[in-house]
Structure formats: structure tokens, C-alpha cells
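Hi everyone, thanks for coming. Let me put the structure up on the screen, and then I'll walk you through a few spots.

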Amino acid sequence: MTDATQGPDAKTGVTPDTGLRIVEEELAGPVLAADGTPLRRSLNKALRRQKLRALALIAPLLIFVLVTFIAPIADMLFRSVENQIVSETLPRTVVALRDWDGEGTPDEEVFRDLARDLVIAAELKNHTRLGSRLNYETTGASSLLRKTGRGVDDIGEELTDQFIALNPAWEEPATWIALMADEGWIADQAEWAAEKEAAQGPFTTREPAFRLRDGVAEMLPRTADIYADFARLIQTEDRDSPTEEEPWNIVYQALWEDLTLGPVTLPEDEPLLAEAAVAAPTFDALSVTDAFVDMDRDWADPELWGTIKAFSGKYTAGYFLAAADFQLTADGIAAQPEDRQIYGLLFGRTMFMSLTIMVSCILLGYPIAFLLANLPMRTANILLILVLLPFWTSLLVRTSAWKVLLQQQGVINDILVWTGIVSNAGRLALINNQTGTIIAMTHILLPFMILPLYSVMKTIPPSYVRAAKSLGATNFTAFRRVYFPQSVPGIGAGCILVFILSIGYYITPELVGGTTGTFISNRIAYHISSSLNWGLAAALGTILLVVVLVLYYLYDRIVGIDNVSLS
Amino acid sequence: MTLPPYATLGQKIWHYTFLVICGLIFFFLIAPILTIIPLSFNAENFFTFTPGMLAFDAEAYSLKHYRDFFTNPDWQQAVSNSVTIAPVATLLSVALGTLAAIGLSQSHVPFRRAIMAIMISPMIVPLIISAAGMYFFYSRIGLQGTYLGVVLAHAALGIPFVIITVTATLVGFDESLTRASANLGAGPVRTFFKVQMPLILPGVISGGLFAFITSFDEVVVVLFVGSAEQKTLPWQMFIGLREQISPTILAVATILVVISIGLLTTVELLRRRSERMRGMTPG
């Protein structure tokens, strides 16, 4: 072999290092791999295969995490802006409200659309869901809609009676079918009915879906619209046939509106309609607006209508505004009333308490880390167990311990009374307030401060401090000017870690925080399980998530996420 | 930390003050956990030391809270739920996590940082947010309130720990060993089980322990994703602490402290073994 003192480039001839380079330079013809393919292609293929194998190993977990974890987070982000319920439950009203200027009560037209929407919603039992949604914005909306849902069926009753009095044929489902249904559908339906009649035993085929007659939507737009919904609901919800059901009152109401208000061009061959068109203007019709206001005075309230209009979009910033103590009104964004501004306070309190906990962790953690880093390895390892044992103990065990210790009749108060520091009557309130949360969480998060501090301090060479002292620095100056600056990265890492963990904490504040010591996460949980305002919970969660991700980004820049160590 | 013989009086005072402060902080760290152990043997339903206990009167101590724990159906149900959920979740996260960690530690992985970020994310996102998202999403797909839903959620939470510990172990892994094994005619599966697995086993086990602890100690996610049928031990403790605080909780807490001492010892032993193994492998 050649002289070992030469570098590889000094070698003459082809070495593994220079082989490819020579090929590139000379292009004297491709170097071939053992199977005859060019070496470059062969190497690329091998690299590709290696990449694919790595990805194949990663893929199962990646898919698993995407489905079980990332998708839920994405769902939460979506729910924080999603607002389909208003536009889905009140499609006609939402369109009609576009022209409303926000002043006074909307006109009769809007109420007529509302009546149609609510009859359908009440039939589908959707109106209560809409009520709870609107209740987040305007208190009282929930009971308003429940009440209205019970009474809305009666709107147009007087017109039903008058139509039937005019001609009893209006009472017959068959009259309506002849007027509204497509001829093809009537034939299909008749065939289906005959089959059902002939069938022995249970008959499971569904009735053909209702189809409107051509042209009827232009002739009687409102009636056709509501009748089509009526027929569809009778078929899907009641599992019944429109050929056997008398239409709802609201259908008669719509017919009356079509006949009296719109310019109707009736075909010659509909004597029944022609007769009704002549008679309709003479009917005694009640105002739909009055009917609603009779059911509940709130329907005359412009504020309620403003809310409906403001939340008529499919997506809304309303939840985020609510999370920032603003509200969406018809006139745009406005601040919440003073007594409902709680989220700013809650976010502020979460930040303040997390900072307090972080500072207490530095104050308690720094001396311990310093001691551990400067003791001989063996002693330090034994003392480290005292740090690691709380770290490994169940969170609930530690929380129960504090709950027991901090109670009015608990161990700490007993000791204080026994030593005479406080009187028996003056037992300290250490739990169910901020003090309780701060004490318990400092204890729980302290290991997260000590461990990063310790790992940084272990790397500080003791010779620096000795050098400073030999140059005349006092102990304090040596510490302040030499040791402390070198331990700052550890403080930074520990602080961010403790802060991130504490702003998202739920269990401990819930158990020892009472009402004044709770965090934003407790409010999120409250909205999920008690008030059922999921959108607001999602918006609060999204804000919290963004804060945490920003902090993690900083952590990554300062410490590096790969340096997260567990032992 | 030894005091030089020439230390002045002020330095001596400061030195001992510092040691006392450290002692107090250690006391703060450890005392709450130790206090509940004697309290759990309290014969009365009190949460403080009775005069009898302070006088070491045998009458004042009893095992009745432990008896309650072992006979009360609520607690037994919780225990059985915990031991059926945590191992399955751990198994899932260890199996998937180890494979992925091996994939991630190879030299050419496209989008390595992004993939790593996604896999670590369950550890970064606050639990309440994970719980909220999972509650929304799992109720959409019908997993909310089911055993499977809780297991999947817990497995997702345990995965980052497996990934971190196993990739850390693989950093010290000598790739030439797998090449040697392949050279001697072993297939990839055989190489994995005969060569790679025994060497990274300490990392896998300690990752598994972390995942197990995460699932076993987890309460926020199970509160939302689970229903009363999946009530685990921490859930039962949470209810007990929030509603009707009963001294049985102290007995449970004591048992859990003993278990965590056992786990701590195991992890420490594994870490030592892993360091020894790493010392043995070349490079």
C-alpha cells in the first residue's frame, strides 16, 4: 500500500474517494456497477430505496398521530370559527335580513320567512339548538326559541280555516298533490302504493322522493317552497306519505301570501286556484309579526335581530371576539358590557399566576441546582432522588397531598396553631384561592426547573470562579459576574418549560384553586362540559395553543427541542 | 462545596445558611409526599394527625382506608379500568414509536424536522387543548365514551416519550453491527430482533415506562374522551378530591407513591445499563 502519511488526495490512481470525481471530470464513459447499470444511477436508486424504507417505518406512526391527535386539533381550530347553525336553521330569514338596516323591528316579510323556517326547525327539533347558540350572544334566546317552537305551528291557522270554508277540497291532501306534485312522481308514487298494497309481509322500499311540478315554483313561489319542505319532512322524518297528510297551517299562510301579494299569473285550467285568488284578498289575515310578538315580546327587540344578522354567516369571528371580551353586533364589533368582561381578566390572571409560579420555581430551584452541581457525583445522585421522586409521583397524589396539608383543619394550619403563630380562630385560608394554586403548582413544577438548571450548571467549569477569585473578586462578585451569566441558559430553559406547562394546567387549579385561583383552561373545560358553548371553548383553546406554540418556538431557538431530556 | 480552612466567619455563616435553605427546599419537595403516608393509616376519618397518632398509640392507626380501597366496587372498577387501558395504550405507542424512531434515525429522511415536530406535538400541546380537540373529534366519529377511544388517545399522548427515549438510545447505536449481521446472511427482521432490539431494549423499556406512566396518571383526556365506564384510578381520585374527600384517597396515594418509587428505581437501573452498553460498543 501507499505511504500512510499521505492524504487521500495525494494518492495516485483511483481510490474510493476520487473515483466518482474522476468519472465526472473525464466522462470517459460511465462507471458501471456490478449488474451493469451506471454507478451513479445505481447509487441514486440505493439512496431512494433507503429513503423509502425509512418513510415506510415512520408511516404507521405518522398516520396514527395524524388521525388520533392532529385531526382533533384541526377539528378544534375549525370549530372556533364554524357557525353553520344559524344559516342552516334559518336559511330564508338570513337572506331576507340582508336588506334590514338594523333599525327597529324588521318588516312583516322577514317574520313570514322566520315563520316558515321555524316551522321546519320545530319539526326537526332544531330550534332548541339554535336557541342555545343564540343564547351565547343574547341571554334569553334559548327560552325564547323554546317558547316559539311550541306556538309557531298555529301561525296561519285562521287562513287554513278560511280556505277550507271557501272550498272543502283544500282540506284534501289529494288537492295539494294535484296542484304541487310532478306528474311523473304521482305515477311513481301510485305504482309504489300498489306494490305496497300487494306485498305480503313487511314492505321496506321507501316511497319515491317528492318532486315539485314544473312551473309551480314560478307560479306560487312561497307555497311551492314550503310545500316541498313539508313533503320531504313528512317522508323522511315521519315516514309517512304527503298523499295522506293535510299540509301545515304555514302552507296555507304561504298560499295566501302568494295569492294576495305577488303578481300571480294563474293557468286557465285551475278553477280551484282561481276561486281562491278571487277570495283571498277578502280573508281576515292576522299579522305574522303580531303573532310572534304575542308569543314573546323579545321578537320585537332589534338587538335580537341584530344578533341573528351578525351571526348569519357560515363562519364567524364571534367566538374569538367573545374570547377577547368583545361581541359581534349588527353594527360591527363592540366591547362586552363591563360585567361580562371576564376573559381578559382570566387570561391576565393565568399569565400573572404562571409568572409567579415561574419566579418561585427559580428562587427555589436555583439553590438546589447549584448545590447538586457542586457536590461530589455520589452525593449529588442521592440528593437527586429527592428531586426525581416528586417528579415521578402521580400528579393527583401530589395534589391530594396539598389539599390535605393546606386545609383549614389540615396539617400546616394545625402546626401553626400549635406553635402559636396564628390563633385557632385565625387559621389561614391557604386553599381554594390563588395561594393554594401557587404553592401546589410550584411544588409540582419545581423539578422541571431544577433538572435543566442542573444540567447546565454541571457544564460550568469551576476553574472560572476560582480564576475570578484569584484575581481579587469577592465571593459575591465572582458569582454575579462569572458564574451567574453562565447559568442563564439553564434559567431560560427552565423558565420557558415551567411557564408553558403552567399556563395549560387544569387539574391542580381545578382542585385547589377555588374560584379565584383558576386558569383559562378551567374555563375551557367549563365551556365544554357545562355551558356546552363548544365554539367559545375552541376559540379559547386556539388562543392558548398559539401562545404555547410561540413559547415553544422560542424554547427551540434558545435550547433546541432535541435537547429535551427525560432523565 | 467544602468550606476551605481559611474561610472567614462571614463565609462560614453564609455557607451554613445556604445549606439550611437547601435543606428547607428539599423538605418542601419531599415532605408533602411523605406526610400522606402516615396519614393514610389514620384510624379516624380526619386529614390531620390525631393526638393518638402523635403519641404513637397503636389504637390510633388502622388499615381501614386500605380495606375500603380493596373492597369498594368504585375503586376496584377504577383499578381494573386503569390496568386494562394503560398497558394496551403503552403497547401501541411502544410498537409504533420504536419503528418510527428507527426510521427517523436513518441517515436520509426527507422532512425529518416536520415529522419529528408532528410526533412530539402531543407532549407540547397543553392537555386541556388535546382533551378538547379529542372530545370534539372523537364524538364526531363515534369514539367518544368508548374503551378504544381512550386507548387511542392515551397511546397518542405516550408516543413522544417513546420517540425521544428510543432515538436517544439509537444515537449511540453502531450501524456497522446491522451491516455485519446482513453480511452474515440475516434478513432485516432477524437483524432487528437479534441485533438491534437487544441493544436498544433499555431505551425501549424506559420509553414504555414513560408512556405507561403518562397513561396511568392521565386524567384530563380521559375525563373528556371517556365515559363513566372508563373511569380510571386518577379519575376516581379526581372525583374524590373534588366532591366527597375521603381518606381512602390517601391510601391510594400511598400505594401509588410506592409504585412510583419502584418505577424510578427501574428507570435508573435501565439508564445505568444503557450507559454501560453504550460504553461497550465501539465509537
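I'll talk about aromatic pairs, then charged patches, and then one glycine.

First, some housekeeping. This is a predicted model, where local features need pLDDT of at least 70, side-chain atom pairs count only at pLDDT 80 or more, and totals for chains, interfaces and linings use all residues. Residues are numbered from 1 along each chain as its sequence is written, chains are lettered from A and ligands numbered from 1 in the order in which they are written, and side-chain values use heavy atoms, with hydrogens and water left out.

So, how many aromatic pairs does the structure hold over all chains? There are 38. By a pair I mean rings of Phe, Tyr and Trp (its six-membered ring) with centres within 6.5 Å; planes under 30 degrees apart are stacked, over 60 edge-to-face, and the rest tilted. Take Y227(A) and F230(A): their pair is tilted, at 5.3 Å centre to centre with 50° between the planes. Both sit in helix 12 (residues 221–236) of chain A, three residues apart, about one turn of the helix. Helices here are DSSP runs of H or I, at least four residues, numbered from the N terminus.

Buried or exposed, what is Y227(A)? Y227(A) is buried, at 0% relative accessibility, and F230(A) is buried with 0% as well. The cut-offs: buried is under 20% relative accessible area, exposed is over 50%, and partly exposed is in between (1.4 Å probe, protein chains only).

Over in chain B, F69(B) and W75(B) make an edge-to-face pair, 5.9 Å centre to centre and 65° between the planes. Those two are buried. Back in chain A, Y227(A) and F230(A) belong to one aromatic cluster, with other members including W170(A), W248(A) and F283(A).

Now the surface. R41(A), K45(A), R48(A), R49(A) and R53(A) form a positive patch. R41(A) sits in helix 2 (residues 39–79) of chain A and is exposed, at 55%.

There's a negative patch too, made of D153(A), D154(A), E157(A) and D161(A). E157(A) lies in helix 8 (residues 157–166) of chain A and is partly exposed, at 39%.

Last stop: G344(A), in helix 18 (residues 343–374) of chain A, is partly exposed at 42%. Its C-alpha is 19 Å from that of E510(A), 166 residues apart along the chain.

Technical notes: Patch = residues over 30% accessible without salt bridge, like charges linked within 9 Å, V, L, I, M, F, W, Y side chains within 5 Å. Areas by Shrake-Rupley, 256 points an atom, 1.4 Å probe, with all protein chains shown as cover. Salt bridge = Lys/Arg side-chain N within 4 Å of Asp/Glu carboxyl O. Lys, Arg positive; Asp, Glu negative; His and termini not counted. Charge placed at Lys NZ, Arg CZ, Asp CG, Glu CD. Helix = DSSP H or I, 4+ residues; strand = E, 2+ residues; numbered from the N terminus.
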